[in-house]
There are 2 protein chains.
Amino acid sequence: MRQLLLISSSRVHGTGYLDHCAEQVQDLLSGLHRVLFIPWALADHDAYAETARARFEAMGLGLDSIHRASSPAAAVEAAEAVFIGGGNTFRLLKTLWESGVVEPLRRKADAGMPYMGTSAGSNVACATIKTTNDMPIIYPPTFEALALVPFNINPHYLDPDPSSKHKGETRETRIREFHELNETPVVGLREGSMLRIEGGSVELRGGVGARLFRRGEEAEEFSSGADLSFLVG
Amino acid sequence: MRQLLLISSSRVHGTGYLDHCAEQVQDLLSGLHRVLFIPWALADHDAYAETARARFEAMGLGLDSIHRASSPAAAVEAAEAVFIGGGNTFRLLKTLWESGVVEPLRRKADAGMPYMGTSAGSNVACATIKTTNDMPIIYPPTFEALALVPFNINPHYLDPDPSSKHKGETRETRIREFHELNETPVVGLREGSMLRIEGGSVELRGGVGARLFRRGEEAEEFSSGADLSFLVG
């Protein structure tokens, strides 16, 4: 039974790294001892792993970083749980494909290994990275991602600002353009929100709500606690 | 001698389509009669071409849209001038490559055919689209673009907002991440600004200034009228 926690952002305004989701993380990983961290979305793997290690140790959990493993695929095979951190989604996805961990990550997550992601780490758990907000700083071999769920997430979702003078596309316009070319539903997760997936159950958590975008339909607002299991049905 | 006008955005707050750059457009196209429009960044080519046609007719210029041409490459070969409009950069780039116009666009622009672009149309004139702000809604065959200039543009450039509570990356952070993996200089063009390129001369125009980002260097601010010819030297 799949056990996933897909978090919009690792930080929200006014609190520290993973503070706003610590309770959900501890619930996901309860009874486990160590998590395998994937720092590939940022350039400085050592520094990123240290940040994550300190935070997980504060929750009573050990952390190993995949960039120190001689075989990334073997590290995934041996992992109790995996956490993919945020950063640049293109850089992350390219490294996931080139290091040979996509297939073992899919297989282990399908078999019930807990998986958590923040921001880019939530994007890559989805069908594709086509709804990332990131700059395409490097060309990946495909936009197809881990597909642990059959929908997409737009992390750091921002509601349109009616007072804005900026003429760049709003987030909603960008997602509508995605749906001109794609069928996949998109969950716009505001900072502070997250999805907890247990097998066929999908629950919205985190208090700030989310918007669901489906091709040819009006966007729908959902509150924390909403049952979104229909997305995996 | 190359004749390019690379505009950040087709609109700025408070004025209509291409109003803020009309004088520069008329200067670029002076003495010409018709422009070839490329509407591929948006889904509705007919509607987009009508918007552009009305605006160019108001400037005394005729407009043909490439989506009505039986051979896009032949339309480019026959064009007096080309205008690529904004929208989604990934969709635009994919269509440019797949329709066979990249090579004729490069050759004609090198031979002096005036080229103008707004937003995505400015991104694709550059070395790569790796500094677009757009969502990657479709997978292009490469991120390499027309390379009419050896640098990149970030259109709709936004200065960091010190009062923001949002935890997504600022534009400057995104461009810094680009420079972790790439050498190409990036001109952050605020809405209202544009670059006029004549052969080896690059001038910043439009009154709102721009920021230049180079790998390993502090960002530099330039005012309207600045000579940026060193970017093509």
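Predicted model: local features only at pLDDT ≥ 70, side-chain atom pairs only at ≥ 80, totals over all residues.
## The area and the charges

The contact draws 41 residues from chain B and 41 residues from chain A. The size of an interface is often given as the accessible area lost when the parts come together. Here the area buried between chain B and chain A is about 3,600 Å², and carbon and sulfur atoms give 61% of it.

How many salt bridges does the rule find across the interface of chain B and chain A? There are 4. You can look for A:Arg91, which forms a salt bridge with B:Glu180; the closest N and O atoms of this pair are 2.6 Å apart.

## Salt bridges over all chains

Counted over all chains, the salt bridges come to 42 by this rule. One that lies within chain A joins the side chains of A:Asp27 and A:Arg196, at 3.6 Å from N to O. This pair links distant parts of the chain, as the two residues are 169 residues apart. A:Asp27 sits in helix H1 (residues 22-28) of chain A, and A:Arg196 belongs to strand E8 (residues 194-198) of chain A.

## A sheet in chain A

Now follow the strands of chain A. Four of them form an open sheet in the order E6-E7-E10-E11, with mixed pairing. Why is one side of strand E6 (152-157) and of strand E11 (220-222) of chain A left without a neighbour in the sheet? Both stand at the edges, each with a single partner strand, so one side of each has no neighbour there. Neighbouring strands of this sheet are turned by 25° against each other on average, direction ignored.

Strand E10 (residues 210-213) of chain A runs antiparallel to E11(A), and 3 bridges join the two. In this pairing, A:Arg211 stands opposite A:Glu221 in E11(A). Helix H7 (residues 171-181) of chain A lies across E6, strand E7 (186-190) and E10 of chain A, and H7 runs at about 165° to E6(A).

## A sheet and a hairpin in chain B

Chain B has an open sheet of 4 strands too, in the order E6-E7-E10-E11 and with mixed pairing. Strand E10 (residues 210-213) of chain B pairs with E11(B) in the antiparallel sense over 3 bridges, and B:Leu212 stands opposite B:Glu220 in E11(B).

Elsewhere in chain B, look for strand E8 (residues 194-198) and strand E9 (residues 201-205), which pair in the antiparallel sense over 5 bridges. B:Arg196 stands opposite B:Glu203 in E9(B). This hairpin has 2 residues between the strands, and B:Gly199 takes a positive phi near 60° in the hairpin.

How values were computed: Residues numbered from 1 in each chain as written. Chains lettered and ligands numbered in written order. Heavy atoms only, no water. Pairing = 2+ DSSP bridges. Axes fitted to C-alpha atoms, helices over the stretch in contact; angles between N-to-C directions. Contact = heavy atoms within 4.5 Å. Buried area = accessible area lost by both parts, 1.4 Å probe.
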